[in-house]
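The exercises below are meant to be worked through with the structure in view. Each task is followed by a solution that goes step by step.

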Amino acid sequence: MRTSRRPRSERGAALPSPVVMLSIIAVAMAGIAFVATRGGEPTEREVTTVARNTTPTQSPSPTFGASTKPTPLKPQVQRGKVYVEVYNNSGITGLAGTVGQRASGIGWKVVGADNWYGTIPASTVYYPPKLKAAAKQLALDLGVKRTAPAIDPMRLDRLTLILTGPLS
């Protein structure tokens, strides 16, 4: 019995493996994402505390006949009327619940505590435009150093506190 074998051809194309192709595509996409996202100014803002001068000032001499109206102060934030949601973005079990109870004890109306899935650089109070003053007050009350405008999917009728670690 005689079998005829064909000689192997040295010609042909060696295709790269799917792993190599996926790696090349991933590196290209990462490069595009890096170029597309650099250069923008971050929207986060740092909360700074301002000391108020509480020493009474004396006027040189009272003026008779001229009535001076007291200047109205900015209305203080009414903590019990502002909704707050607290989210845990750390590995600490129960952190959102603990901080939520602390905020409730101060007078804030905490309406929920849950886990946040995503990347947040530091503990932050997110606020809609009409609650900016309340966000600063909540940040001061709890020792959070960052506030930022609310982003999607956050609700625009409340403050959103996302924790990345224990508060001081």
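This is a predicted model: local features need pLDDT of at least 70, side-chain atom pairs count only at pLDDT 80 or more; totals for chains, interfaces and linings use all residues.

**Exercise 1. Find which residues Ser123 touches, leaving out those up to four places away in sequence, and decide whether Ser123 is buried or exposed.**

Solution. Counting a contact as heavy atoms within 4.5 Å, Ser123 touches Val144, Arg146, Ile162, Leu163, Thr164, Gly165 and Leu167, where residues up to four places away in sequence are not counted.

Residues are numbered from 1 along each chain as its sequence is written, and side-chain values use heavy atoms, with hydrogens and water left out.

**Exercise 2. Describe the surroundings of Thr124 and the polar contact that joins its side chain to Arg146.**

Solution. Begin with its place, which is in strand β4, and with its relative accessible area of 0%, which means that Thr124 is buried. Then look at the side chain, which reaches the backbone oxygen of Ala122 at 2.6 Å and is joined to the side chain of Arg146 by a polar contact of 2.8 Å. A polar contact is a pair of N or O atoms within 3.5 Å; within protein, one must be able to donate a hydrogen and the other to accept it, and residues adjacent in sequence count only if both atoms are side-chain atoms. Residues that Thr124 touches, beyond four places away in sequence, include Val144, Thr160 and Ile162.

**Exercise 3. Work out which strands pair with β2, and in what sense.**

Solution. Two strands pair if DSSP finds at least two bridges between them. Strand β2 (residues 83-88) pairs in the parallel sense with strand β3 (residues 109-115) over 6 bridges, and Val86 stands opposite Ala113 in β3. In the parallel sense too, β2 pairs with strand β6 (residues 159-163) over 5 bridges, where Glu85 has Thr160 as its bridge partner. As for cover, 5 of the 6 residues of β2 are buried.

**Exercise 4. Locate Trp108 and explain why it counts as buried.**

Solution. Trp108 lies in the loop between α2 and β3, and its relative accessible area is 3%, so it is buried. Its side chain makes a polar contact of 2.9 Å with the side chain of Asp141. Although Trp108 and Gly80 are 28 residues apart in sequence, their C-alpha atoms are 5.0 Å apart in space.

Trp108 is also among the residues with the most contacts inside the largest nonpolar core, which has 21 residues. Such a core is a set of buried Ala, Val, Leu, Ile, Met, Phe, Trp, Tyr and Cys residues joined through side-chain atoms within 4.5 Å. Helix α3 (132-142) is one of the elements that give two or more residues to this core, and α3 gives the most, with 5 residues.

Notes. Buried means under 20% relative accessible area, exposed over 50%, partly exposed in between (1.4 Å probe, protein chains only). Helices (H or I, at least four residues) and strands (E, at least two) are DSSP runs, numbered from the N terminus.
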